[in-house]
Each structure stands twice: as C-alpha cells, then as structure tokens.
Amino acid sequence: MALATVSGCGTLAERRDAAASEVTRFERALDAQQPERLCAALAPSTREELEQSAKQRCEQAIGEQDLPSAGAVRGVDVYGDQARVVFEHDTVFLARFSAGWKVTAAGCLPRSQRPYQCEIKGG
C-alpha cells in the first residue's frame, strides 16, 4: 500500500513539474515577443475565443493583449488535469491534453470573492 501512495505522489509531482515547465516556456515566448509560440501554447478553446473576440488570427491578436511580465513563480497547484501557476504579477491556468499542458487562461488577477479576471481565457 505504501508503494502505491509513493507512486501517486510522484505522479502529482511530475504533473506539477510539467505544468510549470509549460508555463515557463509560455512566459519566455511572451518576453521574447514570439506570437507563434504563444499561440501554440494555448488550449484550442482559448485560442478560438481570442481569435473570435479580436476578429483576427491568434498571432496578431495575442500581441495586442495586455499580458503582464509574470515575475517569479510563487506556487503551482495541480488538480487532476487542471493546474494553476501563481506568479508575482500574474496567474496562469492550464489544462492537460493528450499533447501535454496548454494554457487556458493568462493575465489573470484575483478578485475578492469573485472569479479571476483574465486577459486571455477560453470560452
């Protein structure tokens, strides 16, 4: 029984590390102003929502978003196939797909007793 528990914790740690790695790649692409990489990191519904609301392709629309420079990671939470990465100046949400972790919302700020307000989010 203890072996199964240790194995389960390893799986959670691996998911947490994978989510954090994906967000780190997203933030590097943001800092380097690489819209193709940013769009590739978005979940399909998030990319679709961005393109529909901006009425242009993701690569053009994402450059017009007011995404903050995130700063240092403060914490990573994983709940099943969902993750939240909290930075000094941003919170990013992810979902795990067959191709790996994808960003479902970014540029998110907490609001007292209300859902986060996000610059980019899925529908």
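Both Cys 108 and Cys 118 are buried, where buried means under 20% relative accessible area, exposed means over 50% and partly exposed lies in between, for a 1.4 Å probe and protein chains only. The model is predicted, so local features need pLDDT of at least 70 and side-chain atom pairs count only at pLDDT 80 or more, while totals for chains, interfaces and linings use all residues. Residues are numbered from 1 along each chain as its sequence is written, and side-chain values use heavy atoms, with hydrogens and water left out.

Cys 108 and Cys 118 are joined by a disulfide, a term that stands for a pair of cysteine sulfur atoms within 2.5 Å. Strands (E, at least two residues) and helices (H or I, at least four) are DSSP runs, numbered from the N terminus.

The structure holds two disulfides, and the other bond is formed by Cys 39 and Cys 58. This pair links distant parts of the chain, with Cys 39 in helix H2 (residues 35–41) and Cys 58 in helix H4 (residues 58–61), 19 residues apart. Both Cys 39 and Cys 58 are buried. The torsion about their S-S bond is about -100 degrees, so the disulfide of Cys 39 and Cys 58 is left-handed, whereas the link of Cys 108 and Cys 118 is right-handed.

| Disulfide | S to S distance | Torsion about the S-S bond |
|---|---|---|
| Cys 39 and Cys 58 | 2.1 Å | about -100 degrees |
| Cys 108 and Cys 118 | 2.1 Å | 115 degrees |

With bonded cysteines counted along the chain, the disulfides follow the pattern 1-2, 3-4.
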